[in-house]
Amino acid sequence: MSLKYAVLAALLEGEASGYELSKVFDVSLANFWPATPQQLYRELERLAQEGLIEARVVLQERRPNKRMFTLTEAGREDLHDFAAAPSRRPTAIRDELLIKIQAMDGVGVDPETTRAQIEERRSWARGKLDRYLRVRERLLAGRTEDEFLREADRIGPYLTLMAGIAFEEENLRWCERVLLHVRRRTAVG
């Protein structure tokens, strides 16, 4: 899959500027499809050239003009075809930290170095989880999850948010377990 479909899906929420889309990616799509602002702006240009989105310029005083993007009918049809097609195999994990941990005791890395890297990962996971939980509370707006899922116009963004929450919760559990074993190993050595 390419960034294309993540952008088209984000525009289902309505018209947005490139800046607004980068914030949407940061909060709701980063848990499964991260993109830098530069990648996002390049993709918006390409999608506009292909006729899958439209851009209009909004004139602003004391600020640069901004472009607002909307999904076209062709973009909606392309996204429909993508969403209806069978999915490929899930993406494999590619994580630099896992390679470092795999190698740590085979090449004599100081356990404190490993511990610091795991604590940094734990901190990142905690920050992302906290952000996702705030988004969840905002989406629920006082409703229970069941109420939201019955009443909301669109539940897809919520369901993908739940995947991000579960992923970061598991990251935290894994970090705690690894830290426990690294500490035990350090205490024995």
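User: Is Phe 148 buried or exposed?
Analyst: Phe 148 is buried, with a relative accessible area of 5%, where buried means under 20%, exposed over 50% and partly exposed in between, using a 1.4 Å probe and protein chains only. This is a predicted model, in which local features need pLDDT of at least 70 and side-chain atom pairs count only at pLDDT 80 or more, while totals for chains, interfaces and linings use all residues. Residues are numbered from 1 along each chain as its sequence is written, and side-chain values use heavy atoms, with hydrogens and water left out.
User: And how many aromatic pairs are there?
Analyst: The structure holds two aromatic pairs, a pair being rings of Phe, Tyr or Trp (its six-membered ring) with centres within 6.5 Å, and planes under 30 degrees apart count as stacked, over 60 as edge-to-face and the rest as tilted. The rings of Tyr 5 and Phe 82 are stacked, because their centres are 4.0 Å apart and their planes stand at 5°.
User: Which helices do those two sit in?
Analyst: Tyr 5 lies in helix 1 (residues 3–10) and Phe 82 in helix 4 (residues 73–84), so the pair ties together parts 77 residues apart in sequence; helices are DSSP runs of H or I with at least four residues, strands are E runs of at least two, and both are numbered from the N terminus.
User: How exposed is Phe 82?
Analyst: Phe 82 counts as partly exposed at 34% relative accessibility, whereas Tyr 5 is buried at 16%.
User: What about Phe 148 and Tyr 158?
Analyst: Phe 148 and Tyr 158 form a tilted pair, 5.0 Å centre to centre with 45° between the planes.
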